Amino acid sequence: MRQSSLSRWYGFARVLLFFAACAVLLIVASSYMPKRPAFAPQIALGIVTSIATWFLTWIFCRWDGIRLKDVGATFRIQSLSRLLFGATLGIALVAVQAFFIALIAHARWTRVPHTNAWTAIVPLFAYLSLACREELAFRGYPLRRMESFFGSLAAQLIVAIVFALEHVGGGYTWGNAFLGVFVGSLLFGMAALATRGLAVPIGLHVMWNFGQWVLGEKESLGLWKVLIDDRFQARAQVVGMVTYLLGAGIVILAFWWQYQKSRASKPLP
């Protein structure tokens, strides 16, 4: 028992080392990224850090004596369909949030001039490359190893805290980090645990961010711009947060149910 406990804490230390290495990679890569044009830094950063994080995952998996498959970091034939499934869920969450903001806060959207479908390709690729890096860095090796050491609940909470702290370091407010990013990590993490892979959380992650960009809810200009009367601005923020939390909560519970069902169906050792 004592040896098993020590083994778990040594494993925990390796996960912390993995987090630190990912943070160093991100900081170093960010300093070499181009500043223009729009979304070029994000694409370059996402590609470089995704590749570097995958190799880092391979190194740590070799260190632990496990396979990349064991942490969801391999491509399989089902990956594309799972990516599409996750993307559909992400779009649905954005659509539900926008519906209730329009209904309760009287929001409406107007098309941004000189934009079309081609305008969205570069931002989509940017969000995809960044999501790949974040899912590898948080819901891949760290989440799956923490799950094996301490169980799914502790793994989810630890990874979500670190994920939120990284976003605080990137300029997010504490409120946005722990209401928005923290819950998002629980959502993506539960999808990763339930499906035993990263394709579904990547699809979810990409289309949540991309969908918000399309509707003008990101800092950079999207395809539409949201218009809300000043009298309803506060209401829109509350409705947006509540629908986000409720929608994410429902999906988290659905993935949790699937996770528990898959565990129950496994034969006893």
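1. Arg196 is partly exposed, with a relative accessible area of 29%; here buried means under 20% relative accessible area, exposed over 50%, and partly exposed in between (1.4 Å probe, protein chains only). Arg196 sits in the loop between H6 and H7, and its phi is positive, about 55°, although Arg196 is not a glycine. Helices (H or I, at least four residues) and strands (E, at least two) are DSSP runs, numbered from the N terminus.

2. Before going on, a word on the source: this is a predicted model, where local features need pLDDT of at least 70, side-chain atom pairs count only at pLDDT 80 or more, and totals for chains, interfaces and linings use all residues. Residues are numbered from 1 along each chain as its sequence is written, and side-chain values use heavy atoms, with hydrogens and water left out.

3. His114 is another non-glycine with a positive phi, about 60°. You'll find His114 in the loop between strand E1 (108-111) and H4. With a relative accessible area of 83%, His114 is exposed.

4. On to the overall layout. The protein has 8 helices and 2 strands, and from the N terminus on they run α-α-α-β-α-α-α-α-β-α. The radius of gyration (taken over C-alpha atoms) is 19 Å, close to the 18 Å that the globule rule gives for 269 residues, so the protein is as compact as a globular protein of that length. That rule is 2.2 Å times the number of residues to the power 0.38. Along the principal axes, the C-alpha atoms fill a box of roughly 60 × 40 × 35 Å.

5. Buried residues account for 46% of the 269 residues. As for contacts (heavy atoms within 4.5 Å), take those between residues at least 6 apart in sequence: 78% of them join residues at least 24 apart.

6. Now the inside. A nonpolar core is a set of buried Ala, Val, Leu, Ile, Met, Phe, Trp, Tyr and Cys residues joined through side-chain atoms within 4.5 Å. The largest one has 65 residues, and Tyr141, Leu187, Leu204, Phe210, Trp213 and Phe255 touch the most other members. Elements giving two or more residues to this core include helix H1 (2-31), helix H4 (121-150) and helix H8 (233-264). H6 supplies the largest share, 12 residues. A second, separate core has 7 residues, among them Ala105, Ile228, Phe232 and Ala236.

7. Tyr141 is worth a click. Not counting residues up to four places away in sequence, Tyr141 touches Arg14, Val15, Phe18, Thr57, Phe60, Cys61, Asp64, Val71 and Leu136.

8. Then H6 itself. H6 is mostly covered, with 17 of its 22 residues buried. From first C-alpha to last, H6 reaches 30 Å, close to the 32 Å expected at 1.5 Å a residue (the expected span being 1.5 Å times one less than the number of residues). There is a bend of about 25° at Val181, taken as the angle between axes fitted to the seven residues ending there and the seven starting there.

9. Val181 also turns up beside His167: leaving aside neighbours within four places in sequence, His167 is in contact with Glu134, Tyr172 and Val181. His167 lies in helix H5 (residues 152-169) and counts as buried at 12% relative accessibility. The side chain of His167 reaches the backbone oxygen of Phe163 at 2.9 Å.

Terms used:
A polar contact is a pair of N or O atoms within 3.5 Å; within protein, one must be able to donate a hydrogen and the other to accept it, and residues adjacent in sequence count only if both atoms are side-chain atoms.
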